[in-house]
Amino acid sequence: MEFFRIRKDIPFMRHALVFNIISLITFLLAVFFLATKGLHLSIEFTGGTLMEVSYAQAPDLQQIRKQLEGDGFADPQVQNFGSSRDVLIRVPLARGTNEGESGKVGERVMASLAKVGAGATAPTLKRVEFVGPQVGKELAEDGALALLLVVIGIMLYLAMRFEWRFAVSAIIANLHDVVIILGFFSFFQWEFSLPVLAAVLAVLGYSVNESVVVFDRVRETFKKKRGMTTPEVLDHAITSTISRTIITHGSTQMMVTSMLIFGGPALHYFALALTIGICFGIYSSVLVASPLVMWLGVSRAQFVQPKVEKQEAVV
Amino acid sequence: MNRYPIWKNATVLIALVLGFLYTLPNFFGEVPAVQVASVKATHKVDARLMTQVESALKAASIAPQGLSLDLNSLRVRLADTDTQLKARDAIERALNPVPAEAAYSVALNLVSNSPNWLTGIRALPMYLGLDLRGGVHFLLQVDMKGALTKRLDSVAADLRTLLRDKNIRHAGIARSGQTVQVQFRDAEMREKAKQLIAGSQPELLLAETLTGADFTLVATLNPQSIKTFQDDALKQNIATLNKRINELAVAEPVIQQQGADRIVVQLPGVQDVARAKDLIGRTATLEVRLVEQASVAGSDAPVGTDLIPERRRDGSINMVAVRKLVALTGDRFNGAQATFDENQRPAVAVQLDAAGGRIMRDVTREHLKKMMAIILIEKGRPEAISVATIQGEFGNRFQITGMFSPEETNTLAILIRSGAVAAPMDIIEERVIGPSLGADNIAKGFDSTKWGFIAISVFMIGYYLLFGVVSVFALSANVLFLIALLSLLQATLTLPGIAAIALTLGMAIDANVLINERVREELRAGNSPQASITAGYERAWATILDSNITTLIAGIALLIFGSGPVRGFAVVHCLGILTSIFSSVVVSRALINLIYGHRRKLTSVSIGQIWKPGV
């Protein structure tokens, strides 16, 4: 069995401009949504209380919301989580209360829930998460720092291993992925939590792989074959690695799909971020990074060491 | 020829055997157990306790499956949950005859059912995080600013006493923010005071300023003493928390410092958050009283005294009659450390604040050669932790000596510190995970990994035939190594950690795809099968290394900056990348060599159809 029966190198580079324009548009759209809608940050970043409770019978969410508002919780979010009997409640940090007091929100919410629908069974508590405002701020800062460290680390490594042109294009291509993932989370207002952040960074490292594999081929082709123009070399490199690209990403995606199906709500957004990252990773590392390398002016001379004539002579 | 030298094959084989051994404990499951730990620092978990527990079980005719003693707890393995409950009650009765004065916590726990020889080589099952086993998690912020303010208040009081004693007139001493300001009418007085303070209070930094007509001396704590003070405050709070949490009878509590001023408390299996919070918030109190009668035989207290139990070194209880009048309370104590006196005998050095020092001076002057007791009151029950003779007149620094061992002075210092008021703490992060949710998370994480693995295996074998089988074997070896490593390191496995196992496996197959594609390519170019295998592995190696290093960079960044769930993810991710390099390159090559390497005339390999353009 062989999926990819490619006779000639596919002229990817002829359409380089088109790919770059497509990327630019998606990128700008993502930036636009991020700027206008922002991210729906989880309470890990914003601070607040999150509770997961389980009822014997599906409760009336509207009623729960009303009761909570009546008991003095500002802007509580009440939604189903996984099944209609499981309810997720988010209470933002109340302004002006000190940290010690807000730590008791969990107990107050449970007291409030017990009042809903007299006679009905009180819910059982499955999970409480309370995050103070200070912790949230630090997590957001640490996340940004982690992203920065990944970008710098990968660029340094690629610059050392290949050339600065490759490093720059690979990082641009993959940061564009990161922005697009964030754009999706912003557009659909999916919850951006710590595991999602981990997924985004893992995907960043993973899709740089893709560029590395292509670049490896580019270097090899430059060294081995003379007389090919730069676009031809890039086309050849991409064509000869495309089957591996698709099979590898397909395999990883099988695992991620399995997480989407069996992982339950706790892993849902994590797997979703990975899915978007993997799909755009194929596209960007191949069809964005390579044209960028070309625009930056990569050429054969950068890889082939000119032979140095020995000056000394033995007489 | 594709053959590995013997040492390489041996390495692979040994790695596989070790991987299998250390993965093994995860399959044995857990058995019910009763765990005994000491609640009071005066009680130790030792071999004597073990015989005590054994005889208690024998008396209740319960046959334990095994007893194991470690640094701070004793675990008794039992056949089923019924006997577990019975054994708990029997041990509880034997060790804590008076429930209100429990000296040991007797908790229900689950311990690994793996055979002793496995435990002997330190093969333990993976350590599950709270999100997988259920429990509560608190992050506490120690209010260092508040504690420092309190410390400076006592510095101000100290200075007041000092200046009065030396007859240096000042125009007022007050704490302002994180400084103490002393006002003087003239520069001469200030200079005198400065000399004096610099001589007696080395931890203060002094600066001179002019406020209006007043000559001011501004005193601040120097950075070194602030650091020492904060470290002590944190250690003291952790010690106090340890004692309180022992009362909850939690099997494996985690109480750790995080950063400069935070403490993490994790209580697996605890659902009663309100009680846990109540315990964490409570502080013990300390009192110093004069002893009227060092030993009272009956249970009647002489007039004007209270009877306080004192635990002697041999374990017996002695009743001490102390005066009802409290000479000093815990908030006058600034610290206590184990140290040595001038004769190099173990001693406990105690520091009081200025007011406490003044009281102490008066008391000791009037009651020379009499006895003084330091009493720790926990949960309303007092216990005399030190009864000693007053040997001289002393002030805010004194030493308690006796026939102590260094270990005993340490214990006593901790006891005194736990009674002194610690820096206040706030809960800034809280997580409660129900036990059913934990089990649910394990099942979901496991299912995701299982089905993903099956899907990849089916595809790889279908697409690459025998080479696919080898790839799947390498991937299984990767799972084995990863789980063995996690078990060996006892790294905490969380749900994001399980997700990382799945993701790492999905990514690890990349290396084998790269190799297989390269081998196919070489075959397509018309090379012989043996040469193709060699070239395929060699050429793929550089690419595999590059791609894994970039992934590893991301993993390490997460490890450095991640906390909580992200850290759990990062640890597994990084370890997985390392094991995958070994398994996908070395293990798979060893297997391929074993299958094809010895054949001299190899005409074809089973790697699926090789399509050649133009044929």
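Start in chain B with B:Gln344, which sits in the loop joining strand E17 (333-340) to strand E18 (346-352). Bear in mind as you look around that this is a predicted model. Check the backbone here: phi of B:Gln344 is near 60°, a positive value in a residue other than glycine. With a relative accessible area of 59%, B:Gln344 is exposed.

Next, select B:Lys369, in the loop between helix H10 (354-366) and strand E19 (371-378) of chain B. B:Lys369 isn't a glycine, yet its phi is positive, about 70°. Is B:Lys369 buried or exposed? Its relative accessibility is 54%, and the cut-off for exposed is over 50%, so B:Lys369 counts as exposed.

Stay in chain B and bring up some strands. Select E9 (residues 204-211) along with E10 (residues 214-221). E9(B) and E10(B) pair in the antiparallel sense over eight bridges, and B:Thr209 has B:Thr216 in E10(B) as its bridge partner. Now zoom in on the turn: the two strands form a hairpin with two residues between them, and B:Gly212 in that turn has a positive phi of about 60°.

Time to bring in chain A. Select helix H9 (residues 230-262) of chain A together with helix H13 (residues 495-524) of chain B: they pack at an angle of about 155°, with their axes 9 Å apart. That angle is over 145 degrees, so H9(A) is roughly antiparallel to H13(B). The crossing of the two helices is right-handed. On the H9(A) side, the contact residues include A:Arg244, A:Ile247, A:Met255 and A:Met259; on the H13(B) side, B:Leu503, B:Ile509, B:Asp510 and B:Glu517 are among them. By class, the contact has 12 nonpolar, six polar and four charged residues.

Last stop: A:Leu194, in helix H8 (residues 194-224) of chain A. Which residues does A:Leu194 touch, leaving aside those up to four places away in sequence? From chain A there are A:Ser42, A:Glu44, A:Phe45 and A:Leu139, and from chain B come B:Ser563, B:Pro565 and B:Val566. A:Leu194 counts as buried, at 4% relative accessibility.

Notes
Residues are numbered from 1 along each chain as its sequence is written. Chains are lettered from A and ligands numbered from 1 in the order in which they are written. This is a predicted model: local features need pLDDT of at least 70, side-chain atom pairs count only at pLDDT 80 or more; totals for chains, interfaces and linings use all residues. Side-chain values use heavy atoms; hydrogens and water are left out. Helices (H or I, at least four residues) and strands (E, at least two) are DSSP runs, numbered from the N terminus. Buried means under 20% relative accessible area, exposed over 50%, partly exposed in between (1.4 Å probe, protein chains only). Contact means heavy atoms within 4.5 Å. Two strands pair if DSSP finds at least two bridges between them. Axes are lines fitted to C-alpha atoms, for helices over the stretch in contact, and angles run from 0 to 180 degrees between N-to-C directions. Angles under 35 degrees count as roughly parallel, over 145 as roughly antiparallel, 65 to 115 as roughly perpendicular and the rest as oblique. A crossing is left-handed if the near helix is turned anticlockwise from the far one by less than a right angle, and right-handed if clockwise. Ala, Val, Leu, Ile, Met, Phe, Trp, Tyr, Cys and Pro count as nonpolar, Asp, Glu, Lys and Arg as charged, and the others, Gly among them, as polar.
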